[in-house]
Amino acid sequence: MRLQIEDASVVFPAPKGAAPTEALQNIQLTINDGEFVVAIGASGCGKSTLLNLIAGFLAPTSGDILLDSDLVQGPGAERSVVFQNHALLPWLNVQENVAFGLMLQGVSKAKRYEISDRFIDLLGLQNFKKASTYNLSGGMQQRVGIARALACDPKLLLMDEPLGALDALTRERAQELILRVWEDTGKSVFFITHSVEEALFMGTQLIVMSPRPGRIAHRFDLPFSRQFLQGTPARSVKASQEFIALREKVLDIIFSDQEML
Ligand SMILES: Nc1ncnc2c1ncn2[C@@H]1O[C@H](COP(=O)(O)OP(=O)(O)O)[C@@H](O)[C@H]1O
Ligand SMILES: [Mg+2]
């Protein structure tokens, strides 16, 4: 599956008396099968707007979003979203939350629990199936959110700062887990983060966005997640000369954008 954004712009209409917000301008982006595209950029540069376009929650003001050359006209089962604040349903347990999307699709109870148990295992939640989600740690709640998104078997997983609320150690563990799940399932991923280190470590392609109006200012191909999946420890990957050099370069870009505001 290939997702293509063809020259898309988004303008939000103005509240009374104010100027409209040009949130995205002339966005050109392709997400190929199995690719892990990471977007980074200052707050307000349009990252979530871009994700909403891909998800089909929002239509572009101009330009097109294409899925295998079909026009995207709304959300669809081949795209699934993991939100920053996990958005779990507190009255359902872990298993019921993971199976929720399948229930909406009308999948029978036995079948949806069979499918959701596979992703509960993959995310290491097998001992918490019947637990209330509000008793879980932030990292585990986020894993439930990822399992729920995967259970619907999307081709493209959309994640908006999914690890932003986690402490540093849990966050590094979660990065590694997401990469292993990505490798195991062969999904395409669009992933938003504020962390340059996370962006470089996770992606196969990095887009650096610049603010007002939001544009893709730089693109980088990234080798680091593959190095990790081929056996180099995460800390060694992140401590390599190549990694540090690119990290400084991306930080320079982001800081110089900030100064222009
Ligand atoms: N529904 C909306 N209506 C009006 N303005 C919006 C809306 N959503 C986002 N914006 C504006 O568009 C810009 C980009 O927002 P967003 O995509 O949320 O940025 P990011 O996720 O990079 O922080 C911001 O200036 C924001 O205030
Ligand atoms: Mg955002």
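1. Conventions. Residues are numbered from 1 along each chain as its sequence is written, and chains are lettered from A and ligands numbered from 1 in the order of writing. As the model is predicted, local features need pLDDT of at least 70 and side-chain atom pairs count only at pLDDT 80 or more, whereas totals for chains, interfaces and linings use all residues.

2. The sheet. Six strands form an open sheet in the order β6-β7-β8-β3-β9-β10, with mixed pairing. From one strand to the next the twist averages 20°. Strands (E, at least two residues) and helices (H or I, at least four residues) are DSSP runs numbered from the N terminus; two strands pair if DSSP finds at least two bridges between them.

3. Parallel neighbours. β6 runs parallel to β7 (residues 156-160) and is joined to it by four bridges; S80 is partnered by L157 of β7. β7 and β8 are parallel over five bridges, and L158 has F190 of β8 as its bridge partner. β3 (residues 36-40) pairs with β8 in the parallel sense over four bridges, where V38 is partnered by F191.

4. Burial of β8. Five of the five residues of β8 (residues 188-192) are buried, that is, 20 or more other C-beta atoms, placed from the backbone, lie within 10 Å of each residue's own. S188, F190 and I192 point one way, and V189 and F191 the other. In a regular strand, side chains alternate between the two faces of the sheet.

Technical notes. Axes fitted to C-alpha atoms, helices over the stretch in contact; angles between N-to-C directions. Buried ≥ 20, exposed ≤ 12 C-beta atoms within 10 Å, placed from the backbone.
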